[in-house]
Amino acid sequence: MTATSIPRLSLGTSESIAARTVELRKVYGSGATQLVALDGVSVEFRRGQLTAIMGPSGSGKSTLLHCLAALDDATSGQVFIGKAELNTLRDKELTRIRRDRIGFIFQSFNLVPTLTALENITLPMDIAGHSIDRAWLDSIIGTLGLTDRLTHTPSQLSGGQQQRVACARALTSRPQIIFADEPTGNLDSVAGAEVLGFLRRATREFGQTVVMVTHDPVAAGYADRVLFLADGRIVDEKTAPTADRVHDRMKSLETPRADVAAGVA
Amino acid sequence: MRHAALKSLWAHKLRLMMSAFAIVLGVAFVSGTFIFTDTLNNSFSALFRQTAPDVTVRPAHTSAAASGGFTSTDTRVVPAAVVGLLAHLPGVARADGAVTDQGTFVLGKNGKVVSTGGAPGIGDSYDAAPAADGSPIITITSGRAPAGPGELMLDQETASTGGYHLGDTVHLVTSGSQPTVTGIMVGTVRFGPTGNTVGATLVLTDTRTAQQRYLGGANAFSQIIVTGDGSLPNAQLRDAVTAALPGGLEAVDDRQVVQENQDQIQSSLSFVTTFLLVFAAISLLVGTFLILNTFSMIIAQRTRELALFRALGASRSQVTTSVLLEALIVGLVGSTVGLVLGFGLAVGLKSLFALFGLDLTQAGLVFNGRTAVAAYTVGVLVTLVAAYLPARRAAGVPPIAAMRDDVAIPESSLRRRLLGGAALTTAGAALMFWALALGGGLTILGLGTLAVLIGVMLLSPTISRPLVAEIAGLYPRLFGAVGTVARQNAKRNPRRTAATASALMIGLALVTTMAILGQSAKASIDALLSTGMKADYVVANATQAPFSATVGTRIVAVPGVEDVVPMQYAAAKVDGRQTAVAGVDPVQLSRVVSLTTESGALATGPGEVLVTSTAARDHRWRLGSAIMLTLPAGSTTQRITGILKPTEFLGADVIVAPATLATGGIAPVDSLLYVTRTPGADAAAVAAGISSVLAPLPTVTLQDQAAYASAQRAPIDQILSIVYALLALAVLIAVLGIVNTLALSVIERTREVGLLRAIGMSRRQLRSMIRLESVAISVLGAVLGIVLGLVFGISLQRAMTGQGITVLSVPVGQLLTFVVVAALVGVLAAVVPARRAARMDVLAAISST
């Protein structure tokens, strides 16, 4: 892979962009308790890439993910999923976008405890009332090594297995983009590596677009591209990162903040 | 999605079952009532069909006079000559004259009356006339037809209950001039091909004997049974017969007779239906709360799951639908179980009614499609309505909640509820005030009461916070830290606490109302008797049936008896409305009980009536108004010459002279005698003397003032105990609600419970913490319920002073017991949830999300 640096605002065609934001601002509260979570973020996510969003806690990385995933609305600015501008859509249309174009992977897996693994995987199709592409489903299940776990309920699965079920669930409906919120946060390093390896394979082999929020440099090391957020702004990005480089960058992001905090105190 | 909803339902099955219990009970009441009334109608209509002849000829207006609460015997007759006249009409195969009486009771071998409760004792003449269906009206099942005054037949049920066999001598009590007669049983019978007597007793003699016994020996009949030769339909035969009849008689065909009888049965039993359906409504109302609460809590627990559905692309309406789908299934299951239970209830009602003389033991339960439709409609509808609000709220879960740990479903503010509740309570109170202070009537009072009840239910989350604080105020001092936490917990979710307590509140409000009303009614009777009763004895028939007037004349002759005042009652129409009319000389009556005239005079002569002020107000009558009195013999105009203060001693709102009833065609039989003793006479001797007169009449009893008072109080206690039993079910539902709420709050607070245990709270302390919360909720419900019950009970008593409940008496001890019982109920309800909380693994509890 060539290590040419990609400009911050990519000039890619709209076909090659799965999601993007323009001057996205998100402010919580008002007056004295006002908190600026996102302060003018403009970013694009290319198709078929695994992007990691990193930043210290409170940097706004989760908020960015929520806004991108049509779970939270922007205070100002624009969010696009494909060509659809989310801020202009109503609840019904947002629901449809979440249903048909977005996949989710959560830190705490969020499987429905009463359903079996297979039922959890097919739940989005079930909700949408779409028929299931059996071959596609089988290939995902095979790839994730879940074939003999399909009739188990979440409580009978290990954390790694649960997260793999969640990955399968996110992929079955062939969403345009998958958002993963700290997908390895509740996993040990081996299980985490499995999941991350799979997410990378999904981008390589199926051309899946994945955006992942993480605070783990090792996890970010699996990404094609890492965005660094601090105080609601994108402060840096790296392509083809290694865990060490990410680690160093994170350190440099966190240290000045600590100085500031010390200075204030 | 549907699949996920079903799975979730299954996961919560126990909890939902508890809430479905309310639906089960409500539906059981509804379906039980329908099954029972259908069974009742079916057996009666079978009986009526099997006994209705082609055409019946009888004195005109018979049906109008017959359909009333009182057994008043119509003295008018059909002349014997008419039989011959009709027998020769074209199309008529035969005409049989029949004599009937409703006051002939059979004494069993044990000397007790065979029939029970209010079932009629029928004394008929026997003939072989067929019913409209061609089979004989009376089928002889053993022996032969009676011939001569010394012989009779009984229906087979009565014969076997009385212990009589062919050839035995049977003792009868009649309302005729001869109070007791005997006869040898020569045969047994049944109605029609299959019919039973539905609890009535049937005595048959030959026609001549019946004429002697009931018509004073006149050659006449009560009615003529006309049988066609098949050439004419019954309706045409009826018209042909009508054309041939002399004046004063009427002819009706079989359909009319069946219809008349059925209408009469239906109207006299409609109160039972109403009563049971009211309880169905109460348990469904209480159930609504339980279901609403359960669904709210299940949804609160599933917030993350629902948010996940939303994040995965489920629309709002999909979420709502999935919750309603669960409700639908709960409703269907509850209705089905309720329907089955309804059968059981119908069986129970059958045996209950057998006690009151309505013997349906031979009737199979009748299940109409309508019963199932009503059961499922009611059950499913109530469940869906109750689940609708929680379902709507479920749809409001934001998808982002799937990403967060601690989320609460956004709740609408209590303000709207507060305003609505306050408005409704105020409106209800205004209606109650209107009803009480300005004479708006019971309906207005009922509406006002309902509005206040619902209003307070809406207000309850707001009221409950300070009230719970008050109720649990002593907890911290009594139970230390555990008490403090319990108090906080009870105050934590006022909506839920209030909804849980509301179920208990409704139950206790009703129980309290009934307790006050019952106690007041009893106190009123005591007050009435102690101030208004001057008679020393009351002679009355235990079967409610009138007895021979000769009883009174013989009691007057007993040494030491000063005065006997007989009371007669008749069912009549006054100004076209069904009304009970008392026949008594008011001047005489005023010597034995206190009567107060509000205007006019006490004396009544021919063409004169007295009315109570209540009736006067209802009918807008004044002194001197003319009223139309319809008795069997026809309608006459009467003038109101006095208006009386209503009193229970009258037993009716319209009072005429006994002679007026006699000329109207009512048999001169007495229903009640007031007897006074000569001052100074030996009480024991007088009582013994009267008893010896009554000895041959086992159904007629002598009561002194104390016995009379307790006899008057007894039915109130009976009704109260039935009402209490039914309301206990409502309270039981409420208890299940508390169990449910506690169980769910324990689950919801798993982490917190784990934390409390981790920092050193013992299992025992934890259990008592949950128990205390439970007690606070149940006492809250009890206090609210009793306060409302006090308001309702006192208002009802005030409103019912006209119906004789003149004295207010609040059973304070009983009400305090209710509170104590409620606290115990709270302790009981907490047993299972507390045990569950105590068993929780501390580590797992803390780490759970």
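**Two chains, one predicted model**

Reader: What do the buried residues of helix 2 of chain A pack against?
Author: This is a predicted model, where local features need pLDDT of at least 70 and side-chain atom pairs count only at pLDDT 80 or more, while totals for chains, interfaces and linings use all residues. Residues are numbered from 1 along each chain as its sequence is written, with chains lettered from A and ligands numbered from 1 in the order in which they are written. In helix 2 of chain A, the buried ones (20 or more other C-beta atoms within 10 Å, C-beta atoms being placed from the backbone; 12 or fewer is exposed, in between is partly exposed) are Leu94(A), Thr95(A), Ile97(A), Arg98(A) and Arg99(A). They pack against strand 4 (76–81), strand 5 (84–85), strand 6 (102–105) and helix 3 of chain A, plus helix 9 (303–311) of chain B.

Reader: How many residues does each chain give to the contact?
Author: Contact here means C-beta atoms, placed from the backbone, within 7 Å. The count is 23 residues from chain A and 22 residues from chain B.

Reader: Is Ala70(A) buried or exposed?
Author: Ala70(A) sits in the loop between helix 1 (61–68) and strand 4 of chain A, and has a positive phi of about 65 degrees despite not being a glycine. It has 26 C-beta neighbours inside 10 Å, so Ala70(A) counts as buried.

Reader: What about Asp231(A), buried or partly exposed?
Author: Asp231(A) also shows a positive phi, near 50 degrees, without being glycine. Its place is the loop between strand 9 (225–230) and strand 10 (233–239) of chain A. With 16 other C-beta atoms within 10 Å, Asp231(A) is partly exposed.

Reader: Over in chain B, how do helix 12 and helix 23 lie relative to each other?
Author: Helix 12 (residues 415–437) and helix 23 (residues 763–799) of chain B pack at about 30 degrees, with axes 9 Å apart. Axes are lines fitted to C-alpha atoms, for helices over the stretch in contact, and angles run from 0 to 180 degrees between N-to-C directions. Under 35 degrees counts as roughly parallel, over 145 as roughly antiparallel, 65 to 115 as roughly perpendicular and the rest as oblique. So helix 12 and helix 23 of chain B are roughly parallel.

Reader: Which residues of the two helices make the contact?
Author: They divide into four nonpolar, one polar and one charged. Helix 12 of chain B brings Met432(B), Ala435(B) and Leu436(B), and helix 23 of chain B brings Ser795(B), Arg798(B) and Ala799(B).

Reader: Where is confidence lowest in chain B?
Author: The score to look at is pLDDT, the predictor's confidence in each residue, from 0 to 100. Chain B averages 83, with 94% of the residues at 70 or above. Its highest mean, 91, is in strand 8 (residues 151–155) of chain B, and its lowest, 50, is in helix 3 (residues 62–66) of chain B.

Note on methods: Helices (H or I, at least four residues) and strands (E, at least two) are DSSP runs, numbered from the N terminus. Ala, Val, Leu, Ile, Met, Phe, Trp, Tyr, Cys and Pro count as nonpolar, Asp, Glu, Lys and Arg as charged, and the others, Gly among them, as polar.
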